[in-house]
Amino acid sequence: MHDDIPLTTGRARRVLDERILPAVHATATPLDASWHELPGEPIPPTEGLQLDFAPYEVGTTWGAAWGTTWFRLTGTVPDAWAGRRVEAVIDLGFDKNMPGFQCEGLVYLADGTPVKSINPRNQWVLLTERAEGGETVELFVEAASNPVLLDYHPFLVTHEGDIETSSPKRLYTSRRMDLAVFESEVHELSLDIDVLLELQAELPEGPRRMRILQALDDALDRLDLQHIAETAPDARAALADVLAAPAEASAHTISAVGHAHIDSAWLWPVRETIRKVARTSSTMTELIDQTDDFLYGMSSAQQYAWIKEHRPEVYARVKAAVAAGRFVPLGGMWVESDTVMPTGESIVRQFSQGQRFFAREFGIRPKGVWLPDSFGYSPALPQLMRRAGFEWFFTQKISWNQVNKFPHHTFLWEGIDGSRVFSHFPSMDTYNSRLSGSEVAKASRQFRENRLATGSIAPVGWGDGGGGTTREMTGTAKRLADLEGSAKVRWEHPDTFFDRAKAELPNPPVWVGELYLELHRATLTSQHGTKQGNRRSEQLLIEAELWAATAAARTDFVYPYDELDALWQQVLLQQFHDILPGTSIAWVHREAVAKYAETAVRLTAVIESALSALAGHGDRAVVVNPAPFLQAGAPAQGAVLATDVAEPTPVTVTDQDGGYVLSNALVRVVVDAQGLVTSAVDLSTGRDAIAAGQAANLLQLHQDFPNMWDAWDVDRFYRNRVEDLVDLTGLTASVGADGVAQVVVQRAFGESTVTQEIILAPDSRTLEFDQSTDWHETEKFLKVAFPLDVRAEHTVAETQFGAQKRVTHTNTSWEAAKFETSMHRYVLAEEPGFGVALVNSSIHGFDVTRDAVDGHVTTTIRLSLLRAPRFPDPETDQGVQTHRFGMVIGTDQLGATAAGVRMNAGARAVTGAHGFDPLVQVSGDVVLSSVKLADDRSGDLVVRVYEPVGRRGTGGIAVDGPFGEPVEVTLLEEADDALPGVAAVTDGVAAFPVDAYEVRTFRFPRA
């Protein structure tokens, strides 16, 4: 036979697009429309329904950027439609290729009942299954005119990303506001043809494909293009046999779960996300009502909390669907957070706040962590997931790797402490599946565990900006349930999938260490103000809990549970994976920085109130130390009178060749005439931390224009062009009354200026740098280099409750791809007997190179300070930005940990009558992480410690307060028989063994 495949497929595609799909709602009559454009922010629906409406004509432009327009639509069902299914079809000016990224609306009945959303891929609203002639219709549409920022030519500079700079021009032109008959058989025919067209495209040219093509030709021969609705049943009959052919016994099984992955902020502000969640949830509960087996999964307790607060009518429907087992809470976290930059305590609170909400509201605790779109995953997570009670982990983002293809889809992920969690990546490589033929075939074809396991997960629905699953997708799933040539598709709870996968893979492959995303590396640096606010807020929260718990145990101070919960939830929201990474629009980051400032004020008030109760009323200076290490003469996490602090021996400063030499009892530092550090000698060993002939504190400026994803990416070629910033505009030195030496360095470059204070304190190994940069560069990357005379095989970078090692060589493509990596408070380069650490208060990105001269290998570490991408925020980091970092000269991992903690949790001075002893003291090989009162408000004390350097040891905890002997608990503060507990309590000290990087949480009952 002749090859007629293109003829058949071309015919089917054109008939489907140009005749069948338009015929689904061909019988229609216009609705009468009126409108009201709001001048400012959205209003509650109860107010929107009461607005004055003016006549509106379809085809009129509407909606300035970020505006809200209320439409009122009225009409009467024609008598001829009696007994038919009638829907409203509303096209606000949609581009069907941009669901979630442009205008959308939520439809209400006249009594305020939300019906469902309308968006580019979901323009219909069911009015009645069996219409009555003469029946009146009245609908209200709350339409949001969100601007398109990620257009067909993406990453273009735009100022539309902030309501303060967006244009007042109307953006959209409506096309249709109709009452229409829904032709069910035409709709079903469209799905039949679409599924078969996509299936045959993935099949080899064998019998199955040929018979599908013949069936398509037969069906189209039976279809009268002028009478689609009348002849659709006969056309469907011609397709019945090929649609009824069952799948092969060994066919891959796809466990589908409805999904929308609504970014809690990204190319829209938080206030718009609140409405997106309400819109999508309305549509999904409506789809649940219209189907028998569809399951919809939604993560993020924050998003449920928003619906509860702002759209209680929608929330009532969600709660009913959750109770019915059809609307599935996923993930157990407050938001789908970044997991690389937040502290360990933040990850714990993501889990505890999320699980508390789901348990309180639904009586459910999700069993797995659901994070499809975060930008890499910390190796500390497996332990934290397991200790929070989670059984599985799900993501797909690693499929975005630039270089290396991840070798597993279902596997065990092992963390820094040896904990393992059962994990799955969907072989479909998407969290926005529409169950297309190519997606389904890909899921089956590339599933790495095909030898032993039978299936994978598919999150199905339009996402990022919301929208969720459509009736077309549920119709496709029904046809793919058991279809020859295709993987099998069924709606299934992820828990059920994971239970089956564990049974099929009793000995799964193991991946050890971080899940590094070979993309989006610059998210460690973009929007420094947001990252700085997060780090500061995290520390203030821990400090507020510490002093509040101490004061509540020893005075009549009332522990502020509600205030601390609210502030934790605010900070956890801003750890969402498009806020903290710096990849949202200007509006989002402007609000985030303002929220951090508000958080700091509120937490400072809590701290000051608690410290006032502890230190008593008086006018004496008291030095208060929130850190678990000694500093400024104050006890760890305690306070002393300032008069009890020993006077320091001043640092000496001498002139040398136009520069300065700074010396204390531990180190000697040379700052040359260019303000660079050319020598940093550890006096106890005589070792110089700086590589011979080189200089540290060298600011370097790179051209930074990635191939795409401006705020997200830095591409390897950025290193090819670099400018050393060595020109000075000022260099001075002094010693303060506190004995601290300071060299002030001033530079100018491009359109920017920078001022550094190089600081050496008495009896300190840490040379500090306080830097203020008035930044006005474009598409540039600012780093500061420290060439270290250390032959380091690895760097050791702090992560949550421990550290991760990374080799310094690039032997393989996996190592070469890690040219920008993450840290928390320190990164350490060490060889046997000598190490140098770089510590910081708000930096997360760094890079490392191995250098050699005549066989002498050194290690250069560069901290990443500022970027200037122009999308999605064209003013990223512009203005004054501050950094604080330091070089610890001659140290090891424990010393680096202590120096990093001190830089982030500095002593504070208050006034009072006296000092006070710590509530909690730890001993042995552990570091104190947090002290707080229990979440259940019992008054019990919760203490968390961890082993910081990666070796086995012992720990001890002593509590000086009205508490009994401790019980070890989970991260959710609950007893678990599987936990080892305390080995012994002797003289008030609870002792216990500890493994490498192990996190232990103990609960002391209130006496």
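The structure is a predicted model, in which local features need pLDDT of at least 70 and side-chain atom pairs count only at pLDDT 80 or more, while totals for chains, interfaces and linings use all residues. Residues are numbered from 1 along each chain as its sequence is written, and side-chain values use heavy atoms, with hydrogens and water left out. Helices (H or I, at least four residues) and strands (E, at least two) are DSSP runs, numbered from the N terminus.

**Cavities**

- A search of the whole structure finds seven cavities of 30 Å³ or more, a cavity being a set of points, on a 1 Å grid over the protein atoms alone, where a 1.4 Å probe fits but cannot get out; grid points are joined across faces, edges and corners, and a volume is the space filled by probe spheres set on the points.
- The largest cavity has a volume of about 380 Å³, and of the 25 residues that line it, Thr343, Glu345, Gln539, Arg825 and Ser929 are the closest to its centre, where lining residues have an atom within 4 Å of a point.
- Two or more residues of this lining come from each of α9 (344-362), α14 (528-554), β37 (794-799), α18 (893-904) and β47 (927-933), and the largest share, four residues, belongs to α14.
- The lining of the largest cavity divides into eleven nonpolar, nine polar and five charged residues, with Ala, Val, Leu, Ile, Met, Phe, Trp, Tyr, Cys and Pro counted as nonpolar, Asp, Glu, Lys and Arg as charged, and the others, Gly among them, as polar.
- The second largest cavity holds about 190 Å³ of space, and 24 residues line it, of which Val340, Phe375, Tyr516, Leu524 and Ser822 lie nearest its centre.
- At least two residues of the lining of the second largest cavity are supplied by each of β37, β38 (802-807) and β39 (821-822), and this lining divides into ten nonpolar, nine polar and five charged residues.

**Backbone geometry**

- Phe871 and Pro872 are joined by a cis peptide bond with an omega of about 5°, and Pro872 is found in the loop between β43 (856-867) and β44 (879-889).
- Asp429, although not a glycine, has a positive phi of about 60°, and this residue lies in the loop between β19 (420-424) and α11 (437-445).
- Asn697, also not a glycine, has a positive phi of about 60° and lies in the loop between β29 (687-688) and β30 (698-703); Asn697 is buried, with a relative accessible area of 0%, where buried means under 20%, exposed over 50% and partly exposed in between (1.4 Å probe, protein chains only).

**Salt bridges**

- The count comes to 74 salt bridges, each being a side-chain nitrogen of Lys or Arg within 4 Å of a carboxyl oxygen of Asp or Glu.
- Glu142 forms a salt bridge with Arg311, with the closest N and O atoms 3.1 Å apart; Glu142 lies in strand β10 (residues 136-145) and Arg311 in the loop between α7 (301-310) and α8 (312-323), so the pair ties together parts that are 169 residues apart in sequence.
- Glu142 counts as buried at 2% relative accessibility, and Arg311 counts as buried at 9%.
- Arg356 and Asp935 meet through their side chains in a salt bridge (3.5 Å, N to O), which links helix α9 with the loop between β47 and β48 (941-946), 579 residues apart.
- A network of salt bridges links Glu41, Glu104, Glu142, Arg271, Glu272, Arg275, Lys276, Arg279 and Arg311.

Terms used: 1 Å grid on protein atoms, 1.4 Å probe; cavity = no way out; pocket = protein on both sides within 12 Å on 5 of 7 lines; lining within 4 Å.
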